[in-house]
Amino acid sequence: MSSLAIASPILASQLKENLASEGKTDLARQILSLEIQNCTFSDEPDVGYVYFVRPPNPVPDIHKEAAAVKETLSLGDINVDLDHENNVIGIEYICRKDIGDELRKYAQPKGESRLRKLIVNRFVDLRFTAGMLAFAAMIAYIVTKIAPSFSFGITFGLTVAAILLVGLSTLVDE
């Protein structure tokens, strides 16, 4: 993922202003340079939490506190959680639809376009159809060699019809 300034410029600028007014410019710089790990959203559209990638612990055995959050800075409708080394763990926003909308747009993966899905599906269908026609031709050839009284065209047509009926029945099942 990327930084908070890219994911939510509104939240980044507001945090910078609020922390600077409280005399915590070093914390503001830290927050703006951190990489976002994950964004979670509550059932309420205006509430969510931004998790940051935490720096590696220099001595892992020492960092086994019961609670990861040592302190929470409340900046009105934004809460900043700090760990025991004063590293930012995450940010919670409350009653902020504008921030929630920005982060939801950022967090949603880019999906395939409908046109691309249609083209890929049609290509797969064509490959399947070509394979089935080749299979039907092989069956028709074998049947005409075994029983010369059957014509190739009739056998081929009956085989294609059987394959199409099986294919249609599987489509109905889905």
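Visitor: Before we start, what does contact mean here?
Guide: Contact means heavy atoms within 4.5 Å. This is a predicted model, in which local features need pLDDT of at least 70, side-chain atom pairs count only at pLDDT 80 or more, and totals for chains, interfaces and linings use all residues. Residues are numbered from 1 along each chain as its sequence is written, and side-chain values use heavy atoms, with hydrogens and water left out.

Visitor: Which residues does Ser-3 touch?
Guide: Leaving aside residues up to four places away in sequence, Ser-3 touches Leu-32, Leu-34 and Ile-36.

Visitor: And is Ser-3 buried or exposed?
Guide: Ser-3 counts as buried because its relative accessibility is 19%; buried means under 20% relative accessible area, exposed over 50%, and partly exposed in between, with a 1.4 Å probe and protein chains only.

Visitor: Where is Ser-3 found?
Guide: Ser-3 lies in the segment before helix H1 (4-7). Helices (H or I, at least four residues) and strands (E, at least two) are DSSP runs, numbered from the N terminus.

Visitor: Changing topic, how many helices and strands are there?
Guide: The protein chain has six helices and five strands, running α-α-α-β-β-β-β-β-α-α-α from the N terminus.

Visitor: How do H2 and H4 cross?
Guide: The axes of helix H2 (residues 9-21) and helix H4 (residues 97-107) cross at roughly 130° and come within 8 Å. Axes are lines fitted to C-alpha atoms, for helices over the stretch in contact, and angles run from 0 to 180 degrees between N-to-C directions.

Visitor: Which residues make that contact?
Guide: Pro-9, Ile-10, Leu-11 and Gln-14 of H2 meet Asp-98, Ile-99 and Glu-102 of H4.
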